[in-house]
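Welcome to this guided tour! Get your viewer ready, and we will go through the chains one selection at a time.

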Amino acid sequence: MYVAVKGGERAIDAAHDWLAEERRGSPEIAELSIAQIREQLALAVNRVMAEGSLYDPDLAALAIKQARGDLIEAIFLIRAYRTTLPRFGSSLPVETNHMACTRRISATFKDAPGGQILGPTFDYTHRLLDFALMAEGLPAAAPGSGAPEGVTSPGAPPPEMPRITDFLNRDGLIQEEHPDAETPPDLTREPLEFPANRALRLQAITRGDEGFILGMAYSTQRGYGRNHPFVGELRFGTVSVEAEIPELGFSIEIGDIELTECETVNQFTGSKTEPPQFTRGYGLTFGHTERKAISMALVDRALRWEELGEDNAGVPAQDEEFVLSHSDNIQGTGFLEHIKLPHYVDFQSELELIRKLRAEAQAAMHQEAAE
Amino acid sequence: MSDYNFAYLDEQTKRMIRRALLKALAIPGYQVPFASREMPMPYGWGTGGVQVSAATLTPEDTFKVIDQGADDTTNAISIRKFFEKTANVGTSEKTEEATIIQTRHRIPETELQEGQILVYQVPIPEPLRFLEPRETETRRMHALEDYGLMHVKLYEDIARHGAIATAYAYPVMVQDRYVMDPSPIPKFDNPKMEMAAIQLFGAGREQRIYALPPYTKVVSLDFEDHPFDPSKAEHPCALCGAEDSYLDEVITDDQGTRMYVCSDTDYCESRRATGHIGTEGTQPEEVFA
């Protein structure tokens, strides 16, 4: 009697034990190491760092292991860890002009100063399962002519890599970006309020769910707020992070991080306030996360409609409240999955209401029939 | 847990939350934006309530957590354990012993006293959200006390169903100024909101805090000719015989036989311990042995 809803505490403990067992899988199979995940599932690690908003490949690899490969769960672990970290300063803005590029391509010019560097990309692979990868335990094949000498090796600071959009800017063909002296708001320290400025929007999108941002970007391509994007430039590589130390009075390098940056060039026929010119969208993400960076640039561009004097077509990607309120997968998955929690009380009150309304409706019908 | 601060959150974060709480208490029913943190449990599991509790707890407090009125539902246990671990506070299942009670979807049946704090977990803090999805719009409506849309919705319910078709999260007017969402408590609980204890509401995902100071006027929205009706199942509790408590309906066999039992487990057990036994009830020791 009334036992079904009892025993929650023991059930939780048992469920956790079971989960730990499932996470490990068959004990006859060697356990994954953090280093293996970090090195061989690097793109998963990158996504967890980007959406977890914490640049730490080892912790991201640990989170993936603990989450059994569920990346949103891994992102959640990283976010929950990140929130407890003290904040002892801010870095200077990173200089992506000085990125040591492993990859750098432009879709708008066949060649440009700095060159096209294809880098490690899936772009031109044939998506055929490589069954040779199943033959485990064989000695590794000799490295081919992959990473060229000097591309990623440390040493002298890399030379400046010119920006494609700067060439267009020189001719006045693209809308100019003005430096903004204002300190950007911090989404993780201030509640999100609308309207949001561009810095805040970019901050939200870069940690937003890759799938959601991709879907939003895709919708603009399919006609829900078309903005005709070209990938002006996509670059991926290493930048150094500098921070000013108050005691020293100058900045020092505190480490290197990998970033993906995308600048789109968008067609624009002009508006009441702006002459015909190209406009820009911008994406910047942790790690090698190209799909996300390009999607981000498209969504950024769509959200700039007001600033550029465009019409609001009433499409989702132009609606900053819609995009920013729904892009965070930790918020989304939490609220979605919470409907698994008990709702007996609410359901009970609905049950009583519906019975009452039905009884009244039936009584009215009987009365009508009698009349 | 020496790696984490008392009650998990760092002191700066707690100070930020306390400021929001003080503002919320100063403007009853007004939704104060706050910089909600990621917590180690998911959004929707009570992160707002957990942050409010973390900012409110002191080492001397006695903490109680209920979900659906019960102390032993899985999520209530999980949150209680979280604070046992991170704050090392004493916990209790007794409503009258607790100084802070975190709740999801219920107000305890036992009347709360001065000095107690009731912390609600809130999924959607905006009572106007389902009438107007835009935050910019709803904030304007609150600022202008523009609640016509809500009255129209309630009126349409009456026109269509003969009654206001909201059974839980039934909107209230606070101190003649702000329309407030009481969180998804059954409307049966609404009249209890005028109480001696402090009521704090935390919505983590939506980044809002609001509050009701003790003895604040809280009126469930209604019309003169359709007065508010806090309904419940018309049965006594099968275990303790109570006729004044909110009841859960439990299906007991494949034929769909039902029994009705108190949703507030502490209330039900206390009654049985003092000899109130319903038709299907026994003394608590025997039931839970």
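What percentage of the 289 residues in chain B is made up of buried residues? Select chain B and look inside: buried residues account for 49% of its 289 residues. A residue counts as buried here if 20 or more other C-beta atoms lie within 10 Å of its own.

Before going on, remember that this is a predicted model. It scores ipTM 0.74 and pTM 0.84. If you colour chain B by pLDDT, you are looking at a mean of 92, with 97% of the residues at 70 or more.

**Stop 1: the whole of chain B**

Switch to a cartoon view. Chain B contains 7 helices and 12 strands. Why does a radius of gyration of 20 Å agree with a compact globule? For 289 residues, such a globule would have a value near 19 Å, so the 20 Å of chain B agrees with it. Now think about contacts between residues of chain B that are at least 6 apart in sequence: 61% of them join residues at least 24 apart.

**Stop 2: two domains in chain B**

Where they touch, domain 1 of chain B contributes 12 residues and domain 2 of chain B contributes 5. On the domain 1 side of that contact in chain B, you will find 6 charged, 4 polar and 2 nonpolar residues.

**Stop 3: where chain B meets chain A**

Show both chains together. Their contact involves 48 residues of chain B and 41 of chain A. In chain B, select helix H3 (74-86), helix H4 (135-143) and strand S11 (247-251); each supplies at least two residues to the side that touches chain A. H3(B) gives the most, with 4 residues. By class, this side of chain B has 20 nonpolar, 15 polar and 13 charged residues.

**Stop 4: across to chain A**

Finally, colour domain 1 of chain A (13-82) and then domain 2 of chain A, which is assigned in pieces: 96-117 + 157-177 + 216-325. Their C-alpha centres lie 30 Å apart. The contact takes 6 residues from domain 1 of chain A and 7 from domain 2 of chain A. The domain 1 side in chain A divides into 4 nonpolar residues, 1 polar and 1 charged.

Technical notes:
Residues numbered from 1 in each chain as written. Chains lettered and ligands numbered in written order. Predicted model: local features only at pLDDT ≥ 70, side-chain atom pairs only at ≥ 80, totals over all residues. Nonpolar A, V, L, I, M, F, W, Y, C, P; charged D, E, K, R; others polar. pLDDT = per-residue confidence, 0-100. Rg over C-alpha atoms; globule rule 2.2 N^0.38 Å. Buried ≥ 20, exposed ≤ 12 C-beta atoms within 10 Å, placed from the backbone. Domains from an automatic or database assignment.
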